[in-house]
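Me: I'm new to this structure and would like a close look at one part of it. Could you walk me through how some of the helices pack, and then show me the sheet as well?

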Amino acid sequence: MQGRHTKTGQLAAIKVMDVTEEEEQEIKLEINVLKKYSNHRNIATYYGAFIKKSPAGKDDQLWLVMEYCGAGSVTDLVKSTKGQSLKEEWIAYICREILRGLSYLHTNKVIHRDIKGQNVLLTDNAEVKLVDFGVSAQLDRTIGRRNTFIGTPYWMAPEVIACDENPDATYDNRSDLWSLGITALEMAESQPPLCDLHPMRALFLIPRNSPPRLKSRKWSKKFQGFIDTVL
């Protein structure tokens, strides 16, 4: 939802969420991450959060107010090509900016855990912003690993999926790089690998298949090498 500051006229994006007991922890986590880390150029700026009281018997609403990104998401940009790919220089620019945001988060011991085109927004000035920290994880400074199964199936790293099958399995911030690689393939091929399959089937195949690669030979060796490195 879009809003406007009544005094300054500044546009803002408003994320409205019902506050239930089940979602309370996730909502608090997103707010805490935004408060601490939204001062980076590649992370959407956090403006504030407000509770809207609802009538008795209904959940209250949390209104999360953050930077408005007028050009939409990377997924929107990909869809606008109508099945074609983005230009390689555009993909390179977007990947570079995502990496800058991830480098900042990882330096602060945070894993995003849901990098995908839909969670990468563009401003009217083509600035790249990471959003949706609802599944972010603050890493323990000594262990530095997680064993929670969470994220979006088609972009999910094999080691993250393994956590659902093996309670002893762990992963670290390199799982975000895998998701970035899948996002790069999404930009190059208009959709992520295995997206024509049921999500549960994709979850089964991702850890068992070889890492996906670019299908077309039109891409530069640098781009192919980048995909080989992150996947």
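Reply: Happy to. Let's start with helix α4, which covers residues 158–165; its buried residues are P158, V160, I161 and C163. Please keep in mind that this is a predicted model. What lies over those buried residues? The cover includes α5 (174–189) and α6 (199–205).

On the α3 side, the contact is made by I91, I94, C95, I98, L99, L102 and H106. On the α5 side, D176, L177, L180, A184, M187 and A188 take part. Sorted by class, this contact of α3 with α5 has 11 nonpolar residues, one polar and one charged.

Now for the sheet. Four strands form an open sheet, in the order β1-β2-β4-β3, with antiparallel pairing. The edges belong to β1 (2–4) and β3 (46–52); each has a single partner strand, so one side of each is left without a neighbour in the sheet. From one strand to the next, the twist averages 35°. Within the sheet, β2 (residues 11–19) and β4 (residues 60–67) pair in the antiparallel sense over eight bridges. If you'd like a spot to look for, find M17: its bridge partner in β4 is L62.

Definitions and conventions. Residues numbered from 1 in each chain as written. Predicted model: local features only at pLDDT ≥ 70, side-chain atom pairs only at ≥ 80, totals over all residues. Heavy atoms only, no water. Pairing = 2+ DSSP bridges. Helix = DSSP H or I, 4+ residues; strand = E, 2+ residues; numbered from the N terminus. Axes fitted to C-alpha atoms, helices over the stretch in contact; angles between N-to-C directions. Buried < 20%, exposed > 50% of the residue type's maximum accessible area, 1.4 Å probe, protein only. Contact = heavy atoms within 4.5 Å. Nonpolar A, V, L, I, M, F, W, Y, C, P; charged D, E, K, R; others polar.
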